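The sequence and structure come first, and the description follows.

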Amino acid sequence: MKKHLAPWAVLAVAAALTLSSCATGTGSKGDADVTYDPNATLSGDLQVMGFGATDEIATTRLDRTEQALGDGVKVSLIEGDLDIQQFLSAVASGKPPELLYVDRNKLGSLAARGAIIPLDKCIEGEGIDTSQFVESALDQVTLDGTVYGIPEFNTVQLTMADKSLLDAAGLTIDDVNGSNWDAMAAANTALMKTDGGKLSVIGVDSKLPEFLPLWAKANGADLISADGKTAQLNSPEVVQALEYAVGIYDAQGGFSAVKAFRDSADFFGAGNQYATNQLGAMPMEQWYLNVLNDVSPEATVEFDTFRDTSGEPLAFSTGQAWAIPSGTKNPAAACRFAKTMTDVDSWVAAAQARVDARAADGKAFTGLLTANSAADAKVKELVTSSGDAKWDDGVAAMYEANDHTFSLPANPADQEFTTAWQDAVNRVLNGQADPQASLDQAQDEAQKALDKAWADLQGEG
Amino acid sequence: MATTTGLAAVTATGPGASEGRRGRGARPEPPLTPGRRRARRRNTIAAILFISPWIVGFLVFTLWPMIYSAYLSLTDYDVINDPDFVGFDNYVQLFQDPKIALSLGNTLFYTVIQVPLHVLVALGLAVLLNQAGRRSSGFFRTVFFLPRMTPPVAVGVLFLLLFNGQTGLINTVLGWVGIQGPAWTTDPAWVKPGLILMSLWAVGSSVIILLAALRNVPNELYESARIDGAGFWQQTRRITVPLISPTIFFVVIVNTIAAFQTFDEAYTAFFGAGNTTYSNDAALFYVIYLFQQGFQFLHMGYASAMAWVLFVIIMAITGIQVLVSRRFVYYEGDQS
């Protein structure tokens, strides 16, 4: 019997050894041996994943960056949005790219797992001035006090309203900018219209689920504590904010009706909701201003910042960041690349290229939010008037919003946390749960994920 | 041959009917001469060489990943760091996770409704095509198969357009006959039925397979049946269905497995490009949740455990189907 068992035992041990030796990660391989020096001559390959040079803002900065890297560095781009599967495959094969271009709200998970390295040495060695970055953007790339990404671009929300609909209902944009929730609810019912039992004009679109953090903050609540360790999803203020924002839909026949009507709109085309007077107002990211300006310059749209209940401007900041994966071969070049792409001179050069391109098309330059305050100030000086006050007001509102941003701080379970609160909102929108019960469930899910992730992170540390 | 003896022989599929050719009548083979043995060995080697690309592909791309995922299912693994062995913790956690029950329930509902509906629609279309003339049949075969070529992601986006509760084509058509269609894309009660209806978009491949089976049913059987006075339904029940039952069984098995693994369309419509933040629990199928765990939350060990549970479920259901098929599926080669 023992004779028969021996070969199987050998096979089992061999299989176990083979299996366990297969999955060797690159996590937590830092840059202790790397020297970052702004004057150093660099060489080698630099593969960038998740970034595409698709417009003049990207190509102008990329050209400058390649000059800063020198002829010795060969830059290659893996274009398109970051594909996390592609990145993980590269990591699993032991050949991660040199640089990642990633949504800031995904950075915490990657940092906690050691997939990307802390940038302290890079920032100090290359002389990157982090004080220039917009504070909320920097918060999003800082985990447990350590910076893991160089932020770029800032997305903020504005109130976008149909002035002709407001005028017809005897309302102003102050009634729909969030500063007075009772007035906004009343405006919603005044603006909405139905035709044959179907919604034909949306009064107000509260843009759930994505803007729950904005509604909660407007009501004085954060979804997560400043240190990123405690979920606060079922606080009374968040529950109240969700009830209110869902109520906006309920007053129009429910989320199903609003979403179905919203989905049928030609969102990016000349038949958009403002051009066809099908939407009273909504909070929306600033890039949509450019879309409207391009496709329907005659639309009777009006802009303001989104405001909290005390009337102060408020915006939920999101954007991208540059991060250096663990185990990469050329962190020095990656650091120089991130620095040059986000420095003030690069942004100004890129903005000037955009100004020229827009001028050639007979259009105005509507500004750019870079996540770098110093660059924002200089780029703002390049903004050109469209000759139409409504668009100029929109650009002014965008810059005002950029000065009043908040963000969700980085945390090691950011994907689970985001999924928890979005699922909670969706359960309410789909009529599967009431706000309190749904947010209680989300709180439980999110806190469990946070506790485990922080424990894992600090266990490693 | 059974095919020449009319209705009686076709339906004679009772116990023992399959034993004749394989069992009692078989003669023992004569001993092999050294020459024949060498020739047989050469043939065997040649055969193995011919199928070796498939064997290598199977070992490298199927068997090895399966073994490896079984190992990973016993670990805490995030792809980035080395796996930590955790025993059966993932499996224990799996049975405590309410989303597993939710996603399995959704998947089971989808499978139970979608598979029979898919087979019935495919069979109906195949019967219609079988009645058509040669030329028109070829045209319609192509027409029915074309949607199968549409990328599933496009089908997911198309679903959102066609089934839009306010302006979608489906509700518009229902409105013509006085029916107010539901909110297919948001109402949890209608999300899965909508996805099931949309899945019929890809019924073309089953139509082609069933049509091929129908074409193989000998006309003589129908002629004999007609002479015996059998009507359309009797012919269908006694001739058509028994003779194409192996093909129906194949379509059922393949579609059951595919239904348990359904992902693309629902993911696109409710979790991916179609909706970046809006989602609907009613469309959370098991493989979508597996994908979220593995590639969004980087819980690859947990996702591997989920994959093995799904494998066991599919194997069990396929086993049951095979057992049940012995009673209902007719194989010509098994008849004496």
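Which element gives the largest share of the lining of the second largest pocket? That share, 11 residues, comes from H18(A). The model is predicted, so local features need pLDDT of at least 70 and side-chain atom pairs pLDDT 80 or more, while totals for chains, interfaces and linings use all residues. Residues are numbered from 1 along each chain as its sequence is written, chains are lettered from A and ligands numbered from 1 in the order in which they are written, and side-chain values use heavy atoms, without hydrogens and water.

**The pocket**

The second largest pocket has a volume of about 1,200 Å³. A pocket is an open set of points on a 1 Å grid over the protein atoms alone where a 1.4 Å probe fits, with protein on both sides within 12 Å along at least five of seven lines; lining residues have an atom within 4 Å of a point. The volume is the space filled by probe spheres set on the points, which are joined across faces, edges and corners. Of its 40 lining residues, those closest to the centre include A:Lys452 and B:His299. By class, the lining holds 15 nonpolar, 9 polar and 16 charged residues; Ala, Val, Leu, Ile, Met, Phe, Trp, Tyr, Cys and Pro count as nonpolar, Asp, Glu, Lys and Arg as charged, and the others, Gly among them, as polar.

**The interface**

In chain A, 42 residues are in contact (heavy atoms within 4.5 Å) with 35 residues of chain B. The two chains bury about 3,300 Å² between them, 56% of it on carbon and sulfur atoms; buried area is the accessible area (1.4 Å probe) lost on being put together, summed over both parts. Across this interface the rule finds 3 salt bridges, each a side-chain nitrogen of Lys or Arg within 4 Å of a carboxyl oxygen of Asp or Glu.

**Salt bridges**

Over all chains, the count comes to 19 salt bridges. Two of them are listed here.

| Salt bridge | Closest N and O atoms |
|---|---|
| A:Lys452 and B:Asp76 | 3.8 Å |
| A:Asp263 and A:Lys259 | 2.6 Å |

Because A:Asp263 and A:Lys259 are 4 residues apart in helix H11 of chain A, about one helical turn separates them. Helices (H or I, at least four residues) and strands (E, at least two) are DSSP runs, numbered from the N terminus.

**Backbone**

Most residues other than glycine have a negative phi, and most peptide bonds are trans. A:Asp144, not a glycine, has a positive phi of about 55°. A:Leu208 and A:Pro209 are joined by a cis peptide bond, with omega about 5°.
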